[in-house]
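Subject: Structure for you to look at

Hello,

I am passing on the structure we spoke about, with some notes to read beside it. Please open it first and then go through the points below.

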Amino acid sequence: MKRPIRHACILFMAAMATAGGVKDDLADSLLCGKGAVELTADFSRHTADMPLPSAYQAMVAGQTFSVPADAPALLPYHFEPAAATLIAFNEPWGMERLGMTMQVCRLADGSIEPMPEPLFTARADITIPKDDTLRLTLPMQQRLFALRFELPVTRGDASLIDRVEGEVAGIAQTFDLGSQQVVGGTPARIRITFSREEAAVTRTGGDSPAAVAFIGKAGLLGIDGQAQQLTLDILYTDGRHQTITTDLSRMMEDFGSGRSLEPLVITGGMEAPEEAGMEAVIKDWTVKDREIEIK
């Protein structure tokens, strides 16, 4: 008994799903009035310190697909021919998707995760063809930006300092996938534990004490609100602690805009105490490799 012709499209679609997609002209001609979409993700525009995801999500025409990031992929679905919006994004550790937004996870102390994995997104207005395959390259945009603090000890006794901790207020928590922009709201804050880095310095006539710098790192979507403030808590070996606050608003005003993908490096020279009981001073706050300087 001959198989009814009306089942030809159904059988072809099943074969496509099983075989992973047939990409020749014959396949296009047997789409039964619908269209296919093949995606290639372009991750070429990113900084070296941002690791790339192995997969991403593609949302188009009410459907969501998991797509490998390292090769072209034919979506396992046939779409009605029409204009549509395609939104692509990965789902990094340290963030969660709530509807059409990606949010940095909030921690138990009320601050947000200071070092989530990188977020990459893209948005494209497309037209799905009839009886054809749309082959599209997506320029995936880096949405997480590195912030780095460098506090070299320029004088004094760094051994009197046990550790340095910091908090930065006025930070963005939410990215809107539809508008491809950071969403303002209640500004968040991050907490940073500074690491101590030492490098031996040799002078004529002998070795000097180790040169010390305190380094803090974070990965942020951007800023939120008009004011960004750094609060440093310096803890000394004798149990005392000291608080230093610094207005970062001018130094961070362009942070997260996307005009530069390079890390924002903020430096300040730390004068450590000369002896126990004294306090540190931080001078000459500067944005590294930029003309902005705050003293």
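**Salt bridges**

Asp162, Arg163, Glu165, Glu167, Arg189 and Arg191 are joined in a network of salt bridges. Please keep in mind that this is a predicted model. The salt bridges counted come to 15.

Asp162 bridges to Arg163, with the closest N and O atoms 2.8 Å apart. Asp162 is partly exposed, at a relative accessible area of 39%, and Arg163 is also partly exposed, at 35%. The other pair is Glu167 with Arg189, where the closest N and O atoms are 3.0 Å apart. This pair links distant parts of the chain, since Glu167 is in strand β12 (residues 161-171) and Arg189 in strand β15 (residues 188-199), 22 residues apart. Arg189 is partly exposed, with a relative accessible area of 25%.

A further salt bridge is formed by the side chains of Arg135 and Glu38, at 3.7 Å from N to O. Arg135 belongs to strand β9 (residues 132-139) and Glu38 to strand β1, so the pair ties together parts that lie 97 residues apart in sequence. Is each partner buried or exposed, or something in between? Arg135 is partly exposed, with a relative accessible area of 41%. Glu38 has a relative accessible area of 10% and counts as buried, because the cut-off for buried is under 20%.

**Strand β1 and its partners**

The strand that holds Glu38 is mostly covered: six of the eight residues of β1 are buried. Which strands pair with β1, and in what sense? With β9, β1 pairs in the parallel sense over eight bridges. Ala36 stands opposite Thr133 of β9. With strand β4 (residues 73-74), β1 runs antiparallel, and two bridges join them. The bridge partner of Leu39 in β4 is Ala73. As background, strands of a sheet pair through backbone hydrogen bonds, either parallel or antiparallel.

**A sheet of four strands**

Elsewhere in the model there is an open sheet of four strands, in the order β6-β7-β13-β14, with antiparallel pairing. The edges are β6 (95-98) and β14 (181-183); each has a single partner strand, so one side of each is left without a neighbour in the sheet. On average, neighbouring strands of this sheet are turned by 30° against each other, direction ignored. Within the sheet, β7 (residues 101-104) and β13 (residues 174-176) pair in the antiparallel sense over three bridges. Thr101 stands opposite Asp176 in β13.

**Two residues with positive phi**

Cys32 is not a glycine, yet has a positive phi of about 60°. Where is Cys32 placed? Cys32 lies in the loop between α2 (25-29) and β1 (35-42). With 34% relative accessibility, Cys32 counts as partly exposed.

Asp284 is a residue other than glycine with a positive phi, near 55°. Asp284 is placed in strand β22 (residues 281-287). Its relative accessible area is 43%, so Asp284 is partly exposed.

To find your way around, you could start at the network that includes Glu167 and Arg189, go on to the bridge between Arg135 and Glu38, and then turn to the sheet with the order β6-β7-β13-β14.

Regards

Key. Residues numbered from 1 in each chain as written. Predicted model: local features only at pLDDT ≥ 70, side-chain atom pairs only at ≥ 80, totals over all residues. Heavy atoms only, no water. Pairing = 2+ DSSP bridges. Axes fitted to C-alpha atoms, helices over the stretch in contact; angles between N-to-C directions. Buried < 20%, exposed > 50% of the residue type's maximum accessible area, 1.4 Å probe, protein only. Salt bridge = Lys/Arg side-chain N within 4 Å of Asp/Glu carboxyl O.
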